[in-house]
Amino acid sequence: MKTIPGTALVEMGDEYAVERAVTHLNNVKVFGKRLNVCVSKQHSVVPSQIFELEDGTSSYKDFAMSKNNRFTSAGQASKNIIQPPSCVLHYYNVPLCMEESIFQKLCEDHQVPKFIKYKIFDAKPSSKTLSGLLEWESKTEAVEALTVLNHYQIRVPSKCSYFYASSVKFSLQGQ
């Protein structure tokens, strides 16, 4: 919002999405600041009020049809398990050769706090990707990692060249 620096107006798909955002994200601490998530008096984002941000990017972005939007259809949305932030993240869609050291380097390279526990789930013989859990010391550290690394394009060694640009995906794991 141009008139209130440090503030954004986010339009959600429905009233339940708004309720979940307020319930799960209000007062969560991220990058040294607390999020204040509340219902706006304005009912929708008005694209005609677009302006350029300090970094040169647009103040407006529509994620409704993004390939990363897990709520584009009722069928997709029904598969989602909404979780409040926790110190544990579930990762999936990583190459079979992914190792703890690659995750550690990823965190280090992006100045994300280091995780304290790493678990990889047993993959089926036909699997082309892996999944597992990463745990941080605090909920804040995990949320920061999620913010920075979700859908990050992983570059892995040539031994896994067929997954050279796999996108790691994270979701919050229930406590």
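The dialogue below sets computed values against the definitions of the terms.

Tutor: This is a predicted model, in which local features need pLDDT of at least 70 and side-chain atom pairs count only at pLDDT 80 or more, while totals for chains, interfaces and linings use all residues. Residues are numbered from 1 along each chain as its sequence is written, and side-chain values use heavy atoms, with hydrogens and water left out.

Student: Why is the pair of Tyr91 and Tyr118 called stacked?

Tutor: Rings of Phe, Tyr and Trp (its six-membered ring) pair if their centres lie within 6.5 Å, and planes under 30 degrees apart count as stacked, over 60 as edge-to-face and the rest as tilted. The ring centres of Tyr91 and Tyr118 are 6.3 Å apart with planes at 10°, so the pair is stacked.

Student: What makes Tyr91 buried but Tyr118 partly exposed?

Tutor: Buried means under 20% relative accessible area, exposed over 50%, and partly exposed in between (1.4 Å probe, protein chains only). Tyr91 has 0% and is therefore buried, whereas Tyr118, with 22%, is partly exposed.

Student: How do you know that Asp109 and Lys105 form a salt bridge?

Tutor: The term requires a side-chain nitrogen of Lys or Arg within 4 Å of a carboxyl oxygen of Asp or Glu. For Asp109 and Lys105 the N to O distance is 3.0 Å, and the contact is a salt bridge. Asp109 is partly exposed at 46% relative accessible area, and Lys105 is partly exposed at 47%.
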